[in-house]
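The points are grouped by topic.

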Amino acid sequence: MLFIAMSVAFIAAIILTPLVIKFAYRIGAVDRPNYRKVHARIMPRIGGLAIFGAFIIGYAILLPKDEHAISILIGAVLIVMIGFLDDMLEITAKAKMLGQLVAALVVVLWGGLQIEFINLPFLGQLDFGYLSIPITIIWIIGITNAVNLIDGLDGLAAGVSTIALIAITVMALLMGDVFVAATASILAASSIGFLLYNFHPAKIFMGDTGSLFLGFMISVLALLGFKNVAVVSLVIPIIMLGVPISDTFFAIVRRVRMKQSITAADKSHLHHCLLRVGFSHRQAVLTIYGIAILFGAAAVLFSQATVWGALLLIFVMLIVIELFVELIGLAGANYRPLLNLVRMIGK
């Protein structure tokens, strides 16, 4: 039955996306080129409606059961509405954040989904107590915006999100969580169907309608898949979502170093850096896909490793990420502490 639901969601996305393209042009929901954009012509940008519609169709066929299902769907509807308003009217950052906060509160307070603890190697379980609610809200809003930030090249956010959803599906199957596996796989199928129109050269952008929806669902599903597993901490979903999380983290580092607001827009995200060092549009997207796949595989390895093996894996990943960031200038052109250290040792 799951295969049928996934197939229907995939086909629905293929059918719905051209209809959304026509609808976007009719209502003026288009993205116009500017100095921060890499596209040179007007593009429809509410493609997230096709992903959302296809997901709902596939989900309705299977109707996976879970105590959090209704709150997640209501939160998803709210986040899609906020994304659509932003694509249409370009609402303020505060208004968009408020909408995300409301959607997160629906899941956290009404749905009861909270990060209650994490497991620390050698230290045991750390209970958050009353902090569980704000920490969960920060997680949901943070991941939602992280996916939104990487939506800068044709097919980038859709592809990275799909890879993360596949990783979540694999991990959920390993842990026996049927609801998370079913929901994530249906959403992945919807995203792949949309990607046929969104990969370079794109015919439509997903816009905030899509990137906020995918980010919200990924944050909730990753959280839901691990919150009740006593031997797994939030390190696994953090690794799984390594591309958007690391891009967001180094964007904050970059802006702090340059004494800019952390919410200021710039043209130095991961995809911008790859384009600047000579990658083509398609090469940059495929490279980031590869990185996302490596993060997903690392998350699976981490879940099966011993404590020392997991710590070694994290250490190696951090070193590789730091070297990559310094080489492409993700945190700023002059940010090269590790490379400078290597040069000093070499001399």
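Leaving aside neighbours within four places in sequence, Ile321 is in contact with Phe250 and Phe295. The coordinates come from a predicted model. Ile321 lies in helix H13, which covers residues 307-328.

**Packing of helices H2 and H3**

- Helix H2 (residues 48-62) packs with helix H3 (residues 69-89) at an angle of about 160°, and the two axes are 11 Å apart.
- Because angles over 145 degrees count as roughly antiparallel, H2 and H3 are therefore roughly antiparallel to each other.
- The crossing of H2 and H3 is left-handed.
- On the H2 side, the contact is made by Leu49, Phe52, Phe55, Ile56 and Tyr59; H3 contributes Ala69, Leu73, Ala76, Val77, Val80 and Phe84.

**Asp87**

- Asp87 has its place in helix H3.
- With a relative accessible area of 3%, Asp87 is buried, because buried means under 20%.
- The side chains of Asp87 and Thr209 make a polar contact of 2.5 Å.
- Not counting residues up to four places away in sequence, Asp87 touches Arg45, Ile46, Met206, Gly207, Asp208 and Thr209.
- Between the C-alpha atoms of Asp87 and Asp31 the separation is 8.2 Å, while the residues are 56 residues apart along the chain.

**Asp208**

- Asp208 is found in helix H8, which spans residues 207-226.
- Asp208 is also buried, its relative accessible area being 12%.
- A polar contact of 2.9 Å links the side chain of Asp208 to that of Lys96.
- When neighbours within four places in sequence are left aside, the residues in contact with Asp208 are Gly83, Asp86, Asp87, Lys96, Asn148 and Phe213.

**Nonpolar core**

- The largest nonpolar core has 84 residues.
- Of these residues, Trp139, Val160, Leu165, Leu187, Phe213, Phe216 and Met217 touch the most other members.
- Phe213 is also one of the residues in contact with Asp208.
- Apart from neighbours within four places in sequence, Met217 is in contact with Phe55, Ile72, Ala76, Thr183 and Leu187.
- Two of these partners also take part in the contact between the helices described above: Phe55 of H2 and Ala76 of H3.

Technical notes:
Residues are numbered from 1 along each chain as its sequence is written. This is a predicted model: local features need pLDDT of at least 70, side-chain atom pairs count only at pLDDT 80 or more; totals for chains, interfaces and linings use all residues. Side-chain values use heavy atoms; hydrogens and water are left out. Helices (H or I, at least four residues) and strands (E, at least two) are DSSP runs, numbered from the N terminus. Buried means under 20% relative accessible area, exposed over 50%, partly exposed in between (1.4 Å probe, protein chains only). A polar contact is a pair of N or O atoms within 3.5 Å; within protein, one must be able to donate a hydrogen and the other to accept it, and residues adjacent in sequence count only if both atoms are side-chain atoms. Contact means heavy atoms within 4.5 Å. A nonpolar core is a set of buried Ala, Val, Leu, Ile, Met, Phe, Trp, Tyr and Cys residues joined through side-chain atoms within 4.5 Å. Axes are lines fitted to C-alpha atoms, for helices over the stretch in contact, and angles run from 0 to 180 degrees between N-to-C directions. Angles under 35 degrees count as roughly parallel, over 145 as roughly antiparallel, 65 to 115 as roughly perpendicular and the rest as oblique. A crossing is left-handed if the near helix is turned anticlockwise from the far one by less than a right angle, and right-handed if clockwise.
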